[in-house]
Amino acid sequence: MNSLVIVGTGWGDEGKGKITDYLSKKFDICVRFQGGNNAGHTIKFNNNKYALNLIPSGIFNQNIQNIMSNGMVIDLKALVNEIDILKSKDFDCENLHISDRAHVLFPYHIQLDEIFENIKGNDKVGTTKKGIGPCYTDKAMRIGIRIGDLLNKDSFYKKLSQNVEYVNKLLSIFNSTTFDVNELYNEYTSYANIIKPHIKDTSLFLMNALNENKKILFEGAQGIMLCLDHGTYPYVTSSSPSAASVALNCGIPPQSIQKVLGITKSYATRVGEGVFPTELFSDISNTIRETAHEYGTTTGRARRIGWLDTVVLKHGKRISGITDLAITLLDVLTGFEKLKICTSYMLDGKEIDYIPSTIEELNKCKPVYIELDGWYEDISNVKSFNNLPKNAKNYIHKIEEITGINVSIISVGPDRKQTIEK
Ligand code: GDP
Ligand code: IMO
Ligand code: MG
């Protein structure tokens, strides 16, 4: 198996960073294929904790190459800061490659994100306010500025001038502060000088690697329920975290994708607005939030908590071709007498096991649950599947049975070592 895609199956924060870091030692290359610094991927090893927003989670493995692909939107100020932090911790980032086709996220995108959210009022998406939507909008409008554009000073200045003129008109409608093109140009040229050695055609780089039979790990950000096309639209992000988007977002043939590992928590979380069928408002959700410290890595917002939803998992299986599952945060479910798993929804008196396309229908869906016995033993140091308590094993087997997907990895704590291969 030469290529593996890691996708979040829910609304993000499933533990993709931890699993990517854990698996990266088995690969030659790790690629982040979409999103920007709306992502927050947490990695723990040797008593250190790292939070990555843009750089692939393979970066802690000095032997592998790390790629930020053309599907990403890159806030260069945030990237330079992330590189500096890693360098200060002795990860030199010389093995980092940045696509010349990735889009540059400017401060005006961040300002527009905030303005559009405010206009929506109660209907706001609850974005991370990192400018992701407006940057992808510019890409689709064909006015985006790409990383490669930064290297041609004259044309970069021309493109930036046109954009700033347009953006300033837009901002002034909302009485918002405007931008000075020369200040932006100088700032972004200085970032370009820092990242210049890392910029390349990463599609060619990956194609050569595929021809040489190199092993490639693709790391998604967000999760399928936040997919622009197949998520809970419009309460989604502006890219597609599905495995189907890897080929387009990396510039490689679709046939090169072989296996897809879906990452799911042992329960469900969501941060931001939008429908969440299995959401809990009880002592159980409060306990889970505090035990797992369910607060956003990027924004610090309290995450909403719910029971595991296998309708969502089956949606991910269909949309993204998930071949295996990694179940994370199983340790967090220790200590509950009973656990619930959602198996289907009731919609207008009819039982369904798919995600309806409209928010109005999804809002009406009532989860149907099965109830399982919980366990009380501390599992955070368990090293093999067989040594898990009977009811924990039963919980995993139930998920396999309902979804028809094999669980190959179980995570019982945030540390790299707290990982069981089944
Ligand atoms: P990502 O965005 O999918 O990479 O996930 P995040 O890093 O945003 O959120 C996952 C959180 O759960 C982080 O704080 C991780 O350190 C933590 N985590 C990951 N796996 C486990 C686990 O098995 N048990 C516990 N208790 N925490 C975990
Ligand atoms: P990782 O990679 C959780 C959510 C936001 C909001 C919606 C749109 O860490 O799993 P955006 O800023 O993308 O326009 O916000 O998507 N969101 C995430 N939620 N984890 C993430 O990334 C997220 N990235 C975006 O909260 O609801
Ligand atoms: Mg996260």
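**Exercise 1.** Determine in which sense strands E3 and E4 pair, and over how many bridges.

*Solution.* Strands are DSSP runs (E, at least two residues), numbered from the N terminus, and two of them pair if DSSP finds at least two bridges between them. In this predicted model, E3 (residues 41–45) and E4 (residues 48–52) pair in the antiparallel sense over 5 bridges. One of the partners in E4 is Lys-49, which bridges to Lys-44. The hairpin has 2 residues between the strands, and there Asn-46 takes a positive phi near 45 degrees.

Residues are numbered from 1 along each chain as written, and ligands from 1 in the order in which they are written. Local features need pLDDT of at least 70 and side-chain atom pairs 80 or more, while totals for linings use all residues, and side-chain values use heavy atoms, without hydrogens and water.

**Exercise 2.** Sort the side chains of E3 by face.

*Solution.* His-41, Ile-43 and Phe-45 point to one face and are buried, where buried means under 20% relative accessible area (1.4 Å probe, protein chains only).

**Exercise 3.** Identify the protein donors of the magnesium ion, ligand 3.

*Solution.* Donors are N, O and S atoms within 2.8 Å of the metal (3.2 Å for Na, K and Ca); water is not among the atoms, so sites may look incomplete. Asp-13 sits in the loop between strand E1 (3–8) and helix H1 (16–24), and Gly-40, 27 residues apart from it, in the loop between strand E2 (29–32) and E3.

Technical notes: Buried < 20%, exposed > 50% of the residue type's maximum accessible area, 1.4 Å probe, protein only. Helix = DSSP H or I, 4+ residues; strand = E, 2+ residues; numbered from the N terminus.
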